[in-house]
Amino acid sequence: MWSGQPHPDEGHPPPLETVPVSWKGCRESPGGPAESPAGEEAQGEDSPTAAQLDVLRLRSSSMEIREKGSEFLKEELHKAQKELQLKDEECERLSKVREQLEQELEELTASLFEEAHRMVREANMKQAASEKQLKEARGKIDMLQAEVTALKTLVLTSTPASPNRELHPQLLSPTKAGPRKGHLRHKSTSSALCPAMCPTAGHPLTPDKEGKEVDTTLFAEFQAWRESPTLDKTCPFLERVYREDVGPCLDFTMQELSALVRAAVEDNTLTIEPVASQTLPAVKVAAVECGSTNTCALSGLARACRHRIRLGDSESHYYISPSSRARITAVCNFFTYIRYIQQGLVRQEVEPMFWEITRLRKEMSLAKLGFFPQEA
């Protein structure tokens, strides 16, 4: 079978196409000694064409595999790019959310700090106001305690039958009483009270030895006020007193200053101070002096002014004549007594209170007519 091919003794390798031809011929005809040499030549011519087809098939299949692989890879790459794009969009959205949250947190922190500072300021202001009110309240309590102590002393040591003249300077003679400094805030009860009976008891009122008699209308108004004492000037009792006594008594020529004096008397913030004439040329007063010691600031008349008044916390002083001082003092005494009644400091029956009110009204009537006690 292999005798018909050239022997490889010449040093040259046999052609490549001849190798598969001989091998193929051996596979197709294992009993080849009966075949002719012409058939072998025909087979040798057809074998290169089949091999080329196989190569082409392999190449085409490899190309298909490459194309399919390339398409698969492109699809996977496209999917990966889409996923990355979605993740980028999600990251951008989350970044915006984070920035928004950070901005809201900063604004909330700033607003909380502002609210905290505002609350601290308000607390400090309230604390300062409370401390001021506490200080003022303690001062008022001390003043009221002093007034109560003085009033108790007056009540316990003085009775209508036998008044204590040392504690009641108004009962002393002008030569013994001496000058009074300021208006009296602690006014005593009446030194001459009428023993007449109350008209509500059903008994007639008999005048005493001085010829006094209770006015039933005035007494009824005072009784109604006594049941619920108030400083409201619209009640019938105080409205009458304002109209008949307080208003005319404080109606001075200088209307503007008169209104200020009336308001200070009602608020219990008016102060009357004596003027030491012998020290006037040498002493410099820090407060603002209004007018002079030779002209009354209320009446405008040329009078020797031995007292001056100060309204509330003002640093201004106004010089007043003895007549003006008597009118102001009479009104102050009336307001002081009705304040004591309102505070429950006067422990008397209704009728003695009424007669003390009547006496105080009498002092206002005399003062507004120009009667005033002479000073030593």
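Me: Which residues in H4 meet which in H5?
Reply: From H4, Thr217, Leu218, Glu221, Phe222 and Trp225 are in contact with Pro236, Phe237, Leu238 and Arg240 of H5. Contact means heavy atoms within 4.5 Å. Helices here are DSSP runs of H or I with at least four residues, strands are runs of E with at least two, and both are numbered from the N terminus.

Me: How do the residues of that contact divide?
Reply: Six are nonpolar, one is polar and two are charged. Ala, Val, Leu, Ile, Met, Phe, Trp, Tyr, Cys and Pro count as nonpolar, Asp, Glu, Lys and Arg as charged, and the others, Gly among them, as polar.

Me: What is the basis for these values?
Reply: The model is predicted; local features need pLDDT of at least 70, side-chain atom pairs count only at pLDDT 80 or more, and totals for chains, interfaces and linings use all residues. Residues are numbered from 1 along each chain as its sequence is written, and side-chain values use heavy atoms, with hydrogens and water left out.

Me: At what angle do H4 and H5 pack?
Reply: Helix H4 (residues 216–227) and helix H5 (residues 236–249) pack at about 125°, and their axes are 8 Å apart. That makes H4 oblique to H5.

Me: Which residues of H4 are buried?
Reply: Phe219, Glu221, Phe222, Gln223 and Trp225, where buried means under 20% relative accessible area with a 1.4 Å probe, protein chains only. They pack against H5, H7 and helix H8 (350–368).

Me: What sits at the start of H4?
Reply: A side-chain oxygen of Asp215 comes to within 2.9 Å of the backbone nitrogen of Thr217.

Me: Over to Asp245. Buried or exposed?
Reply: Asp245, in helix H5, is buried, with a relative accessible area of 3%.

Me: What is Asp245 in contact with?
Reply: Leaving aside neighbours within four places in sequence, Asp245 touches Arg240, Arg361, Met364, Ser365 and Lys368. The side chains of Asp245 and Arg361 are joined by a polar contact of 2.4 Å, that is, a pair of N or O atoms within 3.5 Å, one able to donate a hydrogen and the other to accept it.

Me: And H7, how many of its residues are buried?
Reply: 18 of the 21 residues of H7 are buried, so H7 is largely enclosed by the rest of the structure. Just after H7, Gly344 has a positive phi of about 75°.

Me: Last one: how many helices and strands in the chain?
Reply: Eight helices and four strands. Buried residues make up 26% of the 376 residues.

Note on methods
Axes are lines fitted to C-alpha atoms, for helices over the stretch in contact, and angles run from 0 to 180 degrees between N-to-C directions. Angles under 35 degrees count as roughly parallel, over 145 as roughly antiparallel, 65 to 115 as roughly perpendicular and the rest as oblique. Buried means under 20% relative accessible area, exposed over 50%, partly exposed in between (1.4 Å probe, protein chains only).
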